[in-house]
Amino acid sequence: MRQSRGADPLPQLESSAQAHGATTRCASTADLWITEASAALGIIDGVTTNPSLLAKEPGDFRQNLKKICDIVKGPVSGEVTATDFAGMLQQGHDIAKIDTHMVVKVPLTKDGIRACKALAG
């Protein structure tokens with residue numbers, strides 16, 4: 001985990017509406033320091049990542065996703081990089097196994113929609 005960088009650690013936040021009018025505030029980051037600082041302030045409920053954000057961080061992306069889950073104890077998204085149905089399914093299962101808080105993101109393509117349905121079932 002990084003020490004203070006001298007900059008404000010507040011991440012870009014995304015809000016998503018959920019059932020019964022509740023809102024989830026998710027940081028758009030893979031940075032463990034930003035995640036920890038934001039969680040300590042109580043301003044995030046979860047984290048949304050993507051492959052490019054994860055690639056910027058040192059270490060194995062799976063271990064970093066697990067650390068993020070341990071910090072926020074809320075929804076943490078991990079995105080597949082495969083473009084075919086079978087690859088998305090395999091990667092989706094691997095991402096889901098990281099932690100019970102993981103949410104698998106797939107592209108909005110025909111195969112992505114099929115993979116979403118298969119992963120949800």
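1. Surface and burial. The accessible surface of the protein amounts to about 7,100 Å², and 55% of this belongs to carbon and sulfur atoms; the areas come from the Shrake-Rupley method with a 1.4 Å probe, and for residues only the protein chains shown count as cover. Of the 121 residues, 34% count as buried; buried means under 20% relative accessible area, exposed over 50%, and partly exposed in between (1.4 Å probe, protein chains only).

2. Basis of the model. The model is predicted: local features need pLDDT of at least 70, side-chain atom pairs count only at pLDDT 80 or more, and totals for chains, interfaces and linings use all residues. Residues are numbered from 1 along each chain as its sequence is written, and side-chain values use heavy atoms, with hydrogens and water left out.

3. Secondary structure. The protein has five helices and five strands, where helices (H or I, at least four residues) and strands (E, at least two) are DSSP runs numbered from the N terminus. Read from the N terminus, the order of the elements is β-β-α-β-α-α-β-α-β-α. Among contacts between residues at least 6 apart in sequence, 58% join residues at least 24 apart; contact means heavy atoms within 4.5 Å.

4. Helices α1 and α3. The axes of α1 and helix α3 (residues 61-72) come within 9 Å and cross at roughly 10°, and the two helices are therefore roughly parallel to each other. Axes are lines fitted to C-alpha atoms, for helices over the stretch in contact, and angles run from 0 to 180 degrees between N-to-C directions. Angles under 35 degrees count as roughly parallel, over 145 as roughly antiparallel, 65 to 115 as roughly perpendicular and the rest as oblique. On the α1 side the contact is made by L32, T35, E36 and A39, and on the α3 side by N64, K67, I68, I71 and V72. By class, this contact of α1 with α3 has five nonpolar, two polar and two charged residues; Ala, Val, Leu, Ile, Met, Phe, Trp, Tyr, Cys and Pro count as nonpolar, Asp, Glu, Lys and Arg as charged, and the others, Gly among them, as polar.

5. Residue T35. T35 lies in helix α1 (residues 32-41) and is buried, with a relative accessible area of 0%. Leaving aside residues up to four places away in sequence, T35 touches T29, I44, V47, I68, I71 and V72.

6. Helices α4 and α5. Helix α4 (residues 85-96) packs against helix α5 (residues 110-120) at an angle of about 40°, with the axes 9 Å apart. This angle makes α4 oblique to α5. The residues in contact are F85, M88, L89, G92 and H93 of α4 with D111, G112, R114, A115, A118 and L119 of α5. By class, the contact of α4 with α5 has six nonpolar, three polar and two charged residues.

7. Residue S77. S77 is located in strand β4 (residues 76-79) and is buried, with a relative accessible area of 6%. Not counting residues up to four places away in sequence, S77 touches V47, T48, T49, L65, M102, V103 and K105.

8. F61, in helix α3, is partly exposed, with a relative accessible area of 34%. The C-alpha atoms of F61 and P51 are separated by 8.6 Å, and the two residues are 10 residues apart along the chain. K73 is found in the loop between α3 and β4 and is exposed, with a relative accessible area of 58%. K73 has a positive phi of about 50° although it is not a glycine. Most residues other than glycine have a negative phi.
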